[in-house]
Amino acid sequence: MELVNALSTIAAELATREAPESAAACLELTEILATATDMQESAMASFIGRVDVAGEQQRWGYPSTRAWLRSKLGMRESRAKERLTLARQRHRIPQVTKRLAAGDLSYGYATTVAESVARLDDTDCAQAEATLLDMADQGFSAGKVAAFGQRIRDVIAERDGTEDAPDEDSKHGYDKSWITTTRSLDGGRYIKGWLNPEDAAIWDGTLAPLAKPAGPDDRRDVSERTAAALSSVLSGGHKATKVTVICDLETLTGGNAPARLTDGTPIPAAQARRIALAAGVSPLLLGRGNTPLYLGYRERFASAAQRQVLETLYPTCAVRECETPGTLCEVDHVGGWALGRSPTDIDQLALTCGWHNRFKHTSPDQIHITKDPDGRYVYRLLPPPDARPRTSNGPPGTTFNWAA
């Protein structure tokens with residue numbers, strides 16, 4: 001802690017200083033500072049790895065280590081994934097770990113190797129580490145090493161004579177969807193392809209609900225869960241899914257106003273009409289009428305119509321720092337239906353991911369609930385009670401203390 005505090009003090013001082021007038025001096029200082037930053041990344045990877053293994057982030061209200069990195073530390077998804085992969089692979093790439101800590105290897109090279117070996121067995125992992133480090137030592141840029149690392153399994157297979165290179169002629173551009181597969185001798189299959197926006201919407205509507213984490217202990221990444229979801233669909237083990245397109249009636253009858261998917265992705269009017277023609281149209285009534293949106297206390301579960309309304313209101317989980325798409329979330333009774341505090345009415349419901357729905361039930365004193373100007377509920381995470389300053393009473397407002 002003393003070292004980290006000292007480093008923070010030095011960084012704060014350095015950040016407030018004006019750059020030297022000499023461009024040559026700035027170039028030299030940048031190179032030195034970059035090396036120091038890379039060594040700090042080595043220390044951070046060890047910290048993140050310890051948090052990840054212990055699951056400490058869950059005690060603070062974050063369902064995964066990556067969610068903690070994105071939300072609490074403000075990292076973009078790509079950077080959070082990059083740092084977490086390095087933290088988890090450090091023990092499998094000892095030479096990379098050693099050289100990064102010594103300032104002899106940049107963070108860019110280190111993360112490239114970590115990402116490349118994540119899906120390899122220990123034998124191929126060691127070979128891949130040596131191969132990619134050799135490329136780095138030969139002066140290849142980190143970008144070129146990354147490009148090589150993306151197909152390291154193909155390279156190893158080609159070396160062993162167990163795989164053919166993918167057929168580049170199978171790529172048909174971006175107007176039409178295409179998929180090409182290459183079979184390996186061990187019975188596996190490589191899959192590459194492209195889906196145009198219409199097919200991508202169908203893909204998302206079918207696979208996304210099936211690819212969500214099975215629970216807090218599900219350590220599979222998104223690509224692994226997506227593969228499992230695809231297998232479920234191909235084997236007929238999935239349930240009926242849907243694609244929701246939000247648009248004005250004028251759009252469906254020939255207007256030019258764009259539509260959107262529930263995650264906010266814009267859809268051109270013509271494409272929305274094509275999807276509606278192929279999938280049919282279901283009315284979405286935002287209020288009282290033919291579709292029952294107010295079910296009172298007698299009904300425990302929200303109706304399909306209410307679910308559609310909520311998905312338009314909550315593009316993501318109601319927890320401010322959670323990025324789980326609303327289409328993958330569960331319907332939450334804000335005040336807790338079980339205790340009769342919240343009827344199953346549209347203005348008493350919100351969408352929360354499965355993890356935060358359970359977290360709200362088990363740790364109600366760590367959820368602070370307010371409403372934004374548009375009437376949507378906003379859930380904010382509070383630190384665990386034993387981690388709060390004794391003089392702090394938390395943010396103003398009402399914290400619900402009943403179960404969801």
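This section describes helix packing and strand pairing in a predicted model.

In the helical part, helix α2 (residues 23-54) and helix α5 (residues 77-89) approach each other with their axes within 8 Å, crossing at roughly 80 degrees. The two helices α2 and α5 are therefore roughly perpendicular to each other, as angles from 65 to 115 degrees are classed in this way. On the α2 side, the contact is made by Glu-41, Met-44, Ala-45, Ile-48, Gly-49 and Asp-52, which meet Arg-83, Leu-84, Leu-86, Ala-87 and Arg-88 of α5. By class, 6 nonpolar, 1 polar and 4 charged residues make up this contact of α2 with α5.

Helix α5 also packs against α7, at an angle of about 75 degrees and with the axes 9 Å apart. This angle makes α5 roughly perpendicular to α7. Here Arg-79, Glu-82, Arg-83, Thr-85, Leu-86 and Gln-89 of α5 meet Tyr-107, Ala-110, Thr-111, Ala-114, Glu-115 and Val-117 of α7. The contact of α5 with α7 comprises 5 nonpolar, 3 polar and 4 charged residues. Arg-83 and Leu-86 of α5 are listed both in the contact with α2 and in that with α7.

Helix α6 (residues 94-101) contributes Val-96, Thr-97, Arg-99 and Leu-100 as its buried residues. These buried residues pack against α2 and α5, and also against α7 (107-117) and α8 (122-137). Just after α6, Gly-103 adopts a positive phi of about 80 degrees.

Turning to the strands, an open sheet is formed by 3 strands in the order β3-β4-β5, with antiparallel pairing. Strand β4 (residues 259-261) pairs with β5 in the antiparallel sense over 2 bridges, and Arg-260 stands opposite Pro-266 in β5.

A further antiparallel pair consists of strand β8 (residues 367-371) and β9, joined by 5 bridges. Within this pair, Lys-371 stands opposite Tyr-377 in β9. The strands β8 and β9 form a hairpin with 5 residues between them, and Gly-375 in the turn has a positive phi of about 90 degrees. In strand β9 (residues 377-381), 4 of the 5 residues are buried, so this strand is largely enclosed by the rest of the structure.

Conventions
Residues are numbered from 1 along each chain as its sequence is written. This is a predicted model: local features need pLDDT of at least 70, side-chain atom pairs count only at pLDDT 80 or more; totals for chains, interfaces and linings use all residues. Side-chain values use heavy atoms; hydrogens and water are left out. Two strands pair if DSSP finds at least two bridges between them. Buried means under 20% relative accessible area, exposed over 50%, partly exposed in between (1.4 Å probe, protein chains only). Axes are lines fitted to C-alpha atoms, for helices over the stretch in contact, and angles run from 0 to 180 degrees between N-to-C directions. Angles under 35 degrees count as roughly parallel, over 145 as roughly antiparallel, 65 to 115 as roughly perpendicular and the rest as oblique. Contact means heavy atoms within 4.5 Å. Ala, Val, Leu, Ile, Met, Phe, Trp, Tyr, Cys and Pro count as nonpolar, Asp, Glu, Lys and Arg as charged, and the others, Gly among them, as polar.
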